[in-house]
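Q: I have a protein model open and want a quick tour. Can you walk me through some of its features?

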Amino acid sequence: MHSFPGVVAVGYINEAIDEGNPLRTLETLLLPTANISDVDPAHAQHYQDVLYHAKSQKLGDSESVSKVLWLDEIQQAVDEANVDEDRAKQWVTLVVDVNQCLEGKKSSDILSVLKSSTSNANDIIPECADKYHDALVKAKELKSERVSSEGSWLKLNLNEKYDYCYNIDSKEGSWVIPESCLYKESWLTGKEIEAFWKGCKQRKVYMHRRQTFIDNTDSIVKIQSWFRMATARKSYLSRLQYFRDHNNEIVKIQSLLRANKARDDYKTLVGSENPPLTVIRKFVYLLDQSDLDFQEELEVARLREEVVTKIRANQQLEKDLNLMDIKIGLLVKNRITLEDVISHSKKLNKKKGGEMEILNNTDNQGIKSLSKERRKTLETYQQLFYLLQTNPLYLAKLIFQMPQNKSTKFMDTVIFTLYNYASNQREEYLLLKLFKTALEEEIKSKVDQVQDIVTGNPTVIKMVVSFNRGARGQNTLRQLLAAVVKEIIEDKSLIINTNPVEVYKAWVNQLETQTGEASKLPYDVTTEQALTYPEVKNKLEASIENLRRVTDKVLNSIISSLDLLPYGLRYIAKVLKNSIHEKFPDATEDELLKIVGNLLYYRYMNPAIVAPDGFDIIDMTAGGQINSDQRRNLGSVAKVLQHAASNKLFEGENEHLSSMNNYLSETYQEFRKYFKEACNVPEPEEKFNMDKYTDLVTVSKPVIYISIEEIISTHSLLLEHQDAIAPEKNDLLSELLGSLGEVPTVESFLGEGAVDPNDPNKANTLSQLSKTEISLVLASKYDIEDGEAIDSRSLMIKTKKLIIDVIRNQPGNTLTEILETPATAQQEADHATDMVSRAMIDSRTPEEMKHSQSMIEDAQLPLEQKKRKIQRNLRTLEQTGHVSSKNKYQDILNEIAKDIRNQRIYRKLRKAELAKLQQTLNALNKKAAFYEEQINYYDTYIKTCLDNLKRKNTRRSIKLDGKGEPKGTKRAKPVKYTAAKLHEKGVLLDIDDLQTNQFKNVTFDIIATEDVGIFDVRSKFLGVEMEKVQLNIQDLLQMQYEGVAVMKMFDKVKVNVNLLIYLLNKKFYGK
């Protein structure tokens, strides 16, 4: 511990240091209480500098607790300053003595001067005295030559911190540099002097050591050799031990390096425009087909068949259930007999019991029998449907040649069957190409104004929407809307009613219920009158607020789920937008996006929001239904979104909702972004990585499952419209139709003996058998087969396969080098072994996946013969412009690289397709289970009706034939009425632009069609047929349910809906 007086002295000293006054610092150092020794007043400035530097360092030290210099630190600094003084004096002595000696040319004195002036005299070598002198003289002369004028001051920098000056005339030194001083520039400095004698010493040592090495060269070589050997052995053993200690890590590193090399090679294969042959050779093994590949292909084919069959079965069940709905609805109104309902119910139970399965009895007779003629017919049909599937122009033209009612049925059955309901990527790609071609054709030929797409009912748009709503059992709408729709339905407190009159009536009913007295308010009011009541306005505002809130939820669900929207639907939206813009280049972006919105929202989503139970959006139990309040809530939301999607404001009769117009405009902007982004999708070729040649390199051939009735129907339609869809005589379609000849009958398809000619119900039996499904393995008429003409593309494929076989067994940097270098015996042997292995694999390959006979024969050729055949093929391909010898046939190598890449992608897609098919099948099975539940529900209902009939002893009896089936009802005869007669009955109310006395000249024919509940109504004026419309009994019943009393037919005839239903029931469903 420091004494108190010492602490005071420390304070004074630190204050003096901070002031920067050397004299003040000297005074404090000399204080008796400080007890600082060896203080020389002549060195005051240097003490100040050293102390200040020491304190600055301490202040800069973050770990130092104290920021002042203590006595021991001060004493240390003073001692350091004194040492600096001694070093400075020694330096001065050396510089002065040596330079004066050199100026006096006393060479004999140089040795003694150096020894007396240096701190280590042993470093001075006496033998080098002359060299020292000569070198120093020469250096001083050179330095003097550059000096024109000089002073008497010498300057030394100690520790690169402090400057010391010495005047050789006055022999005085100072740590303070004089203001105006000239230095002695011609004199050598201390560092320059030391450098000369140290250099001489080092040179002498070096020369001595060098001579030693020269004298002992042999010994040194031996020593070096031994040392290197020992070092290398030690290093090797150490490295070896290190490898043993880290064996696992080394294996991982090696694996990583190999993987990186393989990855780099694969990047070259994938990313390089012209991958080298050496890289391609490493990956050709990926083109081999393993047992797993074949198993997966067979599993895909099996699942695809199940999915297509199940879709068709479910569609038929759905149609029959809808028909059952109509029959039960008419039964409730007592308009048809119970026998009709029971008959249809038994048909349903047959289908539920498994009669929808594919019949297999045609596999060994009929068109699939083993006779040459029938085999040829089968192959022609396979080629015909392959052509229709891969060339969309034929079907696109055919669709628009048929009447709309026929084309709709044709699309719903044959077209979707032809593409297996897009159950895999290939068929989805081809179906999209058909949609695109047909849509472009329809817009080109049938759309005259931009708005025609919105106001009309385009055939292709209808087909696209129908398909994407769940034809494959994958209801994307369910994922898109289920959660938010379910939330709206389950919210029991939610009431949205934006009709002022209905709100008014509900309010009056509520008042009467609460008071128990009849209200004095009028019951029938107009919209304007209803809005004059504050209670109605308040309820309306509450409904509008709820409507905004709920609509936001639905909108957010739609906007945030763009990725869930089916790719096919988005692509057709893109085609629609581009095609309309191409035909109407003046159309604005807003007009185009409204058309896109009409497809994506109004046609695709809107019906599912209004009727979620009809589109599998929510799960419904048999007999369950959505109540009127829930339906109105959903309808209100759909109405707002429909207005927003088309940027249509509430005006006219909806003026009371005008407060929502700002909301509609904001929502439209959200929809606008959504519609624009929805069209931002790649082309199918890029999306599915396919082109028109994909079928030539895939393992399995495409298969479709189609009924005999559909084959005959398609054949008949193609012949009927052949001139329109294939006018050229040399057209491939005309050639195939010519080969097939006339349209066959169902019996010829099934073969002789399939139906008993004496069967009284032969017609019904044939009708049922026409539903029999057969599988067609599609193939191009110009597949690679023996004896057939081979086009350049087919030749390219054969050549690629031969090249792959060759490069596996013969190395080389280029294809030209390999083809020109003879194969060795070992390479021929290895190639033969590979071919034997391939033959064994081919023997296990399913028949439909085998290569053509010509390819199998090519594979058996020796290596040299294959090379000769490759050279011939390459010359042919060069003439057609497919390859070039100038780039060493790099084009065909690029094709092989592309096949390798596609094979990997195909395997990946196949695994995804397996999972997708399994998922689809599960969904279809669930849907079938729901239909079965509905069938059971209807069975229960019918049994209840029967029990009630027995209890009431009804006069009606159920007449059954001998087989226990109800007798079929005959088709009702057409009914004819004049307009005057219908007017008299009250059915017809008015005809625009026609006086009542002219009604007798107008007649109406009402004809029941094959579809139950559908009627054709034809109008005639003075015996000349004018127009025809179709009536649907379900639509009429829905109007009756909704309270619609009057409807228009032919856009000019007003009829009473209730009396029209009565008339139809009486004439067509009564006894």
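Below is a short chat about cavities, salt bridges, backbone angles and a surface patch.

Q: What kind of model is this?
A: This is a predicted model.

Q: OK, cavities. How many of 30 Å³ or more does a search of the whole structure find?
A: The search finds five of them.

Q: How much space lies in the largest cavity?
A: The largest cavity holds about 80 Å³ of space.

Q: Which residues line the largest cavity?
A: The lining is made by Leu982, Val987, Leu988, Phe1004, Ile1006, Val1017, Leu1031, Met1049, Val1055 and Leu1060.

Q: And how does that lining divide by class?
A: The largest cavity has ten nonpolar lining residues. Its lining has no polar and no charged residues.

Q: Now the second largest cavity. How much space lies there?
A: About 60 Å³.

Q: Which residues line the second largest cavity?
A: Val484, Glu487, Ile488, Asp491, Leu494, Arg549, Val550 and Lys553 do. Two elements each give two or more residues to this lining: helix H19 (476–490) and helix H22 (534–559).

Q: What classes do the residues of that lining divide into?
A: Four are nonpolar and four are charged. None is polar.

Q: Switching to charges. How many salt bridges does a search of the whole structure find?
A: The count is 19 salt bridges.

Q: Give me an example. What do the side chains of Lys58 and Glu73 meet in?
A: They meet in a salt bridge, with 2.8 Å from N to O. Lys58 sits in helix H3 (residues 44–60), and Glu73 sits in helix H4 (residues 71–103). The two are 15 residues apart, and the pair links distant parts of the chain.

Q: Is Lys58 buried or exposed?
A: Lys58 is buried, at 12% relative accessible area.

Q: What about Lys436 and Glu440: how many residues apart are they?
A: They are four residues apart in helix H16 (residues 425–446). That separates them by about one helical turn. Glu440 is partly exposed, with 31% relative accessible area.

Q: One more pair. Where do Lys577 and Glu589 lie?
A: Lys577 is in helix H23 (residues 567–583), while Glu589 is in helix H24 (residues 589–610). Their side chains meet in a salt bridge at 3.8 Å, N to O. The two residues are twelve apart in sequence, so the pair ties together those parts.

Q: Is Lys577 buried or exposed?
A: Lys577 is buried, at 17% relative accessible area. Glu589 is partly exposed, at 28%.

Q: Which residues are linked in a network of salt bridges?
A: Lys261, Asp265 and Lys282 are linked that way.

Q: Where does Asn647 lie?
A: Asn647 is in the loop between helix H25 (628–645) and helix H26 (661–678). Asn647 is partly exposed, at 31% relative accessible area.

Q: And Tyr889, what is its phi near?
A: Phi of Tyr889 is near 60°, again a positive value in a residue other than glycine. Tyr889 falls in the loop between helix H37 (863–879) and helix H38 (890–952).

Q: Does Tyr889 count as buried or exposed?
A: Tyr889 counts as buried, with 12% relative accessibility.

Q: Back near the start of the numbering. Where is Asp38 found?
A: Asp38 is in the loop between helix H2 (22–29) and H3. At 55% relative accessibility, Asp38 counts as exposed.

Q: How many residues apart in sequence are Asp38 and Asp79?
A: They are 41 residues apart in sequence. In space, Asp38 and Asp79 are 7.5 Å apart, C-alpha to C-alpha.

Q: Last one, the surface. Which residues make the nonpolar surface patch of about 400 Å²?
A: Phe1021, Leu1022, Val1024 and Met1026 make that patch. Of these, Val1024 lies in strand S10 (residues 1024–1032).

Definitions and conventions
Residues numbered from 1 in each chain as written. Predicted model: local features only at pLDDT ≥ 70, side-chain atom pairs only at ≥ 80, totals over all residues. Heavy atoms only, no water. Patch = residues over 30% accessible without salt bridge, like charges linked within 9 Å, V, L, I, M, F, W, Y side chains within 5 Å. Areas by Shrake-Rupley, 256 points an atom, 1.4 Å probe, with all protein chains shown as cover. Salt bridge = Lys/Arg side-chain N within 4 Å of Asp/Glu carboxyl O. 1 Å grid on protein atoms, 1.4 Å probe; cavity = no way out; pocket = protein on both sides within 12 Å on 5 of 7 lines; lining within 4 Å. Points joined across faces, edges and corners; volume = space filled by probe spheres on them. Nonpolar A, V, L, I, M, F, W, Y, C, P; charged D, E, K, R; others polar. Buried < 20%, exposed > 50% of the residue type's maximum accessible area, 1.4 Å probe, protein only.
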